[in-house]
Amino acid sequence: MGANAGRTIAIIGGGIGGLTAALAFARQGANVTLHEQAPAITEVGAGLQITPNGARALHALGLAGALDQAGLRAEAVQPMDALTAHPIARFDLSRQTPPYRFLHRADLIGLLAQACADAGVRIILNARIADMTAAGMADADLTIGADGLHSLARPLLNSPAAPFFTGQVAWRAIIPAADVPPMAQIWMAPGRHVVTYPLPGNRLNIVAVQERATWAAEGWYHADDPANLCAAFTDCAPALRDLLARVEVANLWGLFRHPVAEHWHNDRIVLLGDAAHPTLPFLAQGANLAIEDALALARMTRAQPDLVEALQAYQGARRPRVARAIAAANANARNYHLSGLQRRVAHLGLKTLGKIAPDAFINRLGWLYDHDVTSSSE
Ligand SMILES: Cc1cc2nc3c(=O)[nH]c(=O)nc-3n(C[C@H](O)[C@H](O)[C@H](O)COP(=O)(O)OP(=O)(O)OC[C@H]3O[C@@H](n4cnc5c(N)ncnc54)[C@H](O)[C@@H]3O)c2cc1C
């Protein structure tokens with residue numbers, strides 16, 4: 001079973017990263033306790049794209065069937081001109097293996113939590129960890145800080161690093177919508193964009209982003225008047241405006257950039273997911289990278305009995321990869337929001353690519369989607 005058999009693992013945070021880690025370590029024979037501050041293992045009402053790199057790790061944990069039941073298989077991604085509602089190109093996703101999927105976050109959390117319970121993970125709810133001397137941490141062989149954006153564990157290992165406002169705010173919403181093809185649409189307008197994709201149960205997930213001089217609070221739970229969302233896209237095509245007009249509940253938050261943590265571990269504490277590397281949502285990678293981290297951490301600590309060496313190898317393998325993904329997400333934000341001549345040239349480029357080499361658009365992300373955390377040195 002490897003070096004993790006019989007180890008005591010404490011995990012702070014029952015989000016996607018913490019639950020995946022709990023499952024991976026429990027499957028290796030570790031005694032895993034997960035501490036979650038919320039009264040229930042649950043998620044905000046929003047969608048999630050699980051790309052092949054994240055799916056590969058979840059499949060390795062035996063979750064392929066559950067994912068298929070919970071998600072929709074994505075067929076394509078379609079950049080759209082938000083001002084005219086004309087598709088600019090269509091890039092195929094249907095041949096991705098494992099499949100690229102659209103899920104509701106709560107469904108992914110639900111299936112991970114069930115698998116954790118089946119694997120014997122002890123989940124303690126209403127358990128906000130305030131310091132590392134808390135019961136369960138002090139005597140653990142390893143404490144995993146999977147505690148997200150406002151991590152308690154990260155500042156123990158790193159000097160403070162203030163996030164900075166990107167000049168963008170985002171709304172998220174879900175509306176009822178039947179017969180939507182399983183495709184992500186990226187509606188691009190100067191200074192703004194909207195991403196839409198369907199979710200099981202005849203729903204459409206909407207994330208809309210607008211450049212703004214003033215900042216909004218970071219966090220997922222700030223309700224906003226849907227009229228503000230509509231007003232931000234008032235010059236766009238009726239097809240998009242009609243979708244936004246159907247939003248009844250919208251949440252708004254400010255998008256901040258955080259540096260990737262310099263130090264991910266000491267001899268007994270290690271970070272994963274957003275605690276180590278929050279990312280902007282423009283490449284749909286935050287959860288996928290957290291899932292990869294979790295599996296890589298479990299595999300590397302199993303293979304190398306010296307825990308500190310294993311943690312060093314984990315940081316060495318993961319940090320460059322997540323830094324590259326985060327840089328790619330940052331670049332997407334700029335590309336979606338072009339105006340004037342730059343916009344026309346970029347759209348023409350996408351259109352031409354879609355006609356003469358449609359696979360090139362997705363293939364350029366081969367380094368991201370084809371990564372196999374189960375077969376690399378991780
Ligand atoms: C609009 C938007 C869309 C996105 N879409 C995608 C997408 O399509 N695909 C994708 O891969 N990613 C996406 N992401 C990113 C993704 O949601 C996050 O990167 C991911 O959820 C991070 O998981 P995590 O487990 O590291 O942290 P979190 O999900 O933040 O979980 C942290 C957990 O720790 C708990 N916690 C925190 N502090 C304590 C404490 N002191 N004691 C106990 N518990 C604690 C919290 O309650 C929480 O449950 C998106 C993000 C946004 C904002």
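1. In this predicted model, Arg-318 counts as buried, since its relative accessibility is 0%, and Glu-292 is likewise buried with a relative accessible area of 0%. These two residues form a salt bridge in which the closest N and O atoms are 2.8 Å apart. Because Arg-318 lies in helix H9 (residues 307-336) and Glu-292 in helix H8 (residues 286-303), the pair ties together parts of the chain that are 26 residues apart in sequence.

2. Glu-292 has a further partner in Arg-321, and here too the closest N and O atoms of the salt bridge are 2.8 Å apart. This second pair again links distant parts of the chain, with Arg-321 in helix H9 and Glu-292 in helix H8, 29 residues apart. Arg-321 has a relative accessibility of 9% and counts as buried, because the limit for that class is under 20%. Taken with Asp-293, the residues Glu-292, Arg-318 and Arg-321 are linked in a network of salt bridges.

3. What is the setting of the salt bridge between Arg-73 and Asp-68, buried or partly exposed? The side chains of Arg-73 and Asp-68 meet with an N to O distance of 2.8 Å. Arg-73 has a relative accessible area of 48% and is partly exposed, and Asp-68, with a relative accessible area of 32%, is partly exposed as well. For the model as a whole, the count comes to ten salt bridges.

4. Turning to the strands, an open sheet of five strands has the order E9-E2-E1-E10-E17, and its pairing is parallel. Its edges are formed by strand E9 (122-124) and strand E17 (269-271), each of which pairs on one side only. When direction is ignored, neighbouring strands of this sheet are turned by 20° against each other on average.

5. At one end of that order, strand E2 (residues 31-35) runs parallel to E9 and is joined to it by three bridges. Within this pairing, His-35 has Ile-124 in E9 as its bridge partner. Strand E2 also holds Thr-33, which counts as buried at a relative accessibility of 15%. Once neighbours within four places in sequence are left aside, Thr-33 is in contact with Ile-9, Ala-10, Ile-11, Arg-122 and Ile-124.

6. Strand E16 (residues 250-257) deserves a separate comment, because seven of its eight residues are buried, so that the strand is largely enclosed by the rest of the structure. Strand E11 (residues 164-176) pairs with E16 in the antiparallel sense over seven bridges, and in this pairing Gln-168 stands opposite Leu-255 in E16. Strand E15 (residues 223-224) also pairs with E16 in the antiparallel sense, in this case over two bridges, with Asp-224 having Ala-250 in E16 as its bridge partner. The antiparallel pairings of E16 with E11 and with E15 may be set beside the parallel pairing of the open five-stranded sheet described above.

Note on methods: Residues are numbered from 1 along each chain as its sequence is written. This is a predicted model: local features need pLDDT of at least 70, side-chain atom pairs count only at pLDDT 80 or more; totals for chains, interfaces and linings use all residues. Side-chain values use heavy atoms; hydrogens and water are left out. A salt bridge is a side-chain nitrogen of Lys or Arg within 4 Å of a carboxyl oxygen of Asp or Glu. Buried means under 20% relative accessible area, exposed over 50%, partly exposed in between (1.4 Å probe, protein chains only). Helices (H or I, at least four residues) and strands (E, at least two) are DSSP runs, numbered from the N terminus. Two strands pair if DSSP finds at least two bridges between them. Axes are lines fitted to C-alpha atoms, for helices over the stretch in contact, and angles run from 0 to 180 degrees between N-to-C directions. Contact means heavy atoms within 4.5 Å.
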